[in-house]
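Dear colleague,

I am handing over the structure below, and after it you will find my notes on what was found. Please read them alongside the coordinates.

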Amino acid sequence: MTPRKKLEGLVAATITPMTPDGQQKTEPRSGGEFFPQRLRPPCPPNAERGKRELGVAPNPFSPAQFSRQINLPVIRQYVDYLVNEQNVKNVFVNGTTGEGLSLSIQERKQLAEEWMCQGKDKLDHVIIHVGALNLPECQELARHAAVIGAGGIAVIAPFFFKPTNKDELVAFLQKIASEAPEVPFYYYHIPPLTGVKIRVEELLDGIKAQIPNFQGVKFSDTDLLDLAQCINKNETGEFEFLYGVDEQLLGALAVGANGAVGSTYNYLGRQTNLMLQAFAKPDLALAQKYQFLTGEFLNFVIKLGFGVAQTKAVMTFVSGIPMGPPRLPLVDASRQKQSHD
Ligand SMILES: CC(=O)N[C@@H]([C@@H](O)[C@H](O)[C@H](O)CO)[C@@H](O)CC(=O)C(=O)O
């Protein structure tokens, strides 16, 4: 087995492209030979995608509104854009930016497969978020991610019935991680959205004994003290800490974050890579300059109301790749603006 390349640097939190009219684009296109033949056919044309999801034939008469809204054919162009234009070679699929929790299980699998397929020989790491509100779905997605050869899986804390302490949270994560024991496992810490505020530093204690494939944390919180304490505990460097608040990445790098996962790396990847280079040099003044640029941009758009819908609009504008509208309950950025006017 070739040793795994360490996950560091930038990871784009991918957007899920959707068609404006709810119709799935079906034009056939070429794809790589990714999946082992015995498991599944390699990158079939999109018309066929979804018909053979783990052997389950979809009902052609069902209102497949939800699965038809995903614009799978643009993923290929998206991969090329990230790699060639933004110099970003890692992706985090089906997370917050990807509206993962608003997609059906089947859609999440299709997207994961598409990213694996189109990213073959182009991307370094494809991490699939497999978190959901119930264990069976998380486990199913974890097994699926393992079958398609994902470079890692990540899980958020469930946020309807919430774990109230570290043991409950670890027990939940363990049941998912053990379904894909060979796949590096990341805890996705995002308390502003989950409301689960269990400190990661606490969670790390003894984690390897319970989750042998535990690989690290996607840390999407502003609590840099918690992050710093995690990194301080990680003396041997066995875990990776990927920071998820793009506007203060430089602070996270200063306390030792290995890299970052975020929405802005879709279109500000090249610029943020320059910040990473300046920080590594070290040229702190230059690194600050880049961080301030991101901060100014985000400060401006956050005041106007910034979220996944706006990320889709910005990415469409910058890359020229049609990302489409978000799925309800999120609404199109232009409509959202109108309703606020
Ligand atoms: C709440 C949220 O969406 N946070 C973003 C950030 O990249 C965020 O968009 C950025 O820092 C701007 O505030 C990421 O942490 C989310 C993310 O990585 C994901 O899509 O899973």
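Tyr188 lies in strand E5, residues 185-189, where strands (E, at least two residues) and helices (H or I, at least four) are DSSP runs numbered from the N terminus. This is a predicted model, in which local features need pLDDT of at least 70 and side-chain atom pairs count only at pLDDT 80 or more, while totals for chains, interfaces and linings use all residues. Residues are numbered from 1 along each chain as its sequence is written.

According to an unreviewed UniProt entry, the annotation "active site" covers Tyr188 and Lys218. UniProt positions are given in the numbering used here, feature names are shortened, and annotations may be inferred rather than shown by experiment.

Thr97 lies in the loop between strand E2 (90-93) and helix H3, and Thr97 is also one of the closest of the 17 residues that surround the ligand, together with Ala13, Gly95, Gly244 and Gly262; a residue counts as near if its C-beta atom, placed from the backbone, lies within 6 Å of the molecule. By class, this shell has six nonpolar, nine polar and two charged residues, with Ala, Val, Leu, Ile, Met, Phe, Trp, Tyr, Cys and Pro taken as nonpolar, Asp, Glu, Lys and Arg as charged, and the others, Gly among them, as polar.

Turning to the helices, the axes of H3 (residues 105-119) and H4 (residues 135-147) come within 11 Å and cross at roughly 20°, the axes being lines fitted to C-alpha atoms over the stretch in contact, with angles from 0 to 180 degrees between N-to-C directions. H3 and H4 are therefore roughly parallel to each other, since angles under 35 degrees count as roughly parallel, over 145 as roughly antiparallel, 65 to 115 as roughly perpendicular and the rest as oblique.

The axes of H4 and H5 (residues 166-177) come within 8 Å and cross at roughly 40°, which makes H4 oblique to H5. By class, the contact of H4 with H5 has five nonpolar, one polar and one charged residues.

Best regards
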